[in-house]
Amino acid sequence: MKKEIGRRKYKSNSLSKILSIVFLFLSAIHFYWAFGGTWGFNNTLPETSEGIKVLSPTFTDSIIVAFVLLLFSKVYLFYQKPLKSKTLTYLKTILLWLIPFLFLLRSIGDLYYVGFFRQIQNTNFAYFDGYLYSPLCLTISFIGFIILIKVKKA
């Protein structure tokens, strides 16, 4: 019985490290874009069927997203560490539920430009969204919910 609990803790800890690394990587990409980087940028913005970009993020938008993703990375990196403040513990619990839910919603999408159920199918973004972005979001969500289940059982 004792080994089983240890294994369960190890598995969820490994999953949390994977999510932390993924969020750290995504955060770094957003910082790169915020400071003028262009690699991969054009394929990450939804576009109309005529090829017109739906979003035009600013420096501030990219920085905010980068810091939020960095926060998500920290949440999963240190999710098993006890916190001294009840407020921070409550916030951590909310984030552990909110993050997988947000990424599940992102994988479903807005039913028009982004997500598995988008209507616009014939653009560069739609291609990458169908084969990379939405599956990644669904995987992040799935792993996040597995971590929550493992935490509840332990």
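Reader: Hi! What should I know about the model before we start?

Author: It is predicted, with local features needing pLDDT of at least 70, side-chain atom pairs counting only at pLDDT 80 or more, and totals for chains, interfaces and linings using all residues. Residues are numbered from 1 along each chain as its sequence is written, and side-chain values use heavy atoms, leaving out hydrogens and water.

Reader: Great. Which residues lie nearest the centre of the largest pocket?

Author: Those are His30, Trp33, Thr44, Arg106 and Tyr133, out of 34 lining residues. A pocket here is an open set of points on a 1 Å grid over the protein atoms alone, where a 1.4 Å probe fits, with protein on both sides within 12 Å along at least five of seven lines; lining residues have an atom within 4 Å of a point.

Reader: And how many aromatic pairs are there?

Author: Twelve, counting Phe, Tyr and Trp rings (six-membered for Trp) with centres within 6.5 Å; planes under 30 degrees apart are stacked, over 60 edge-to-face, the rest tilted. One of them is phenylalanine 23 with phenylalanine 72, edge-to-face at 5.4 Å centre to centre and 75° between the planes.

Reader: Nice! Are those two phenylalanines buried or exposed?

Author: Both phenylalanine 23 and phenylalanine 72 are buried (under 20% relative accessible area; exposed is over 50%, partly exposed in between, with a 1.4 Å probe and protein chains only).

Reader: What about tyrosine 127 and tyrosine 131?

Author: They form a tilted pair, 5.0 Å centre to centre with 50° between the planes. Tyrosine 127 is partly exposed at 48% relative accessible area, while tyrosine 131 is exposed at 65%.

Reader: Which aromatic cluster has them?

Author: The one formed by Phe125, Tyr127, Phe128, Tyr131 and Tyr133.
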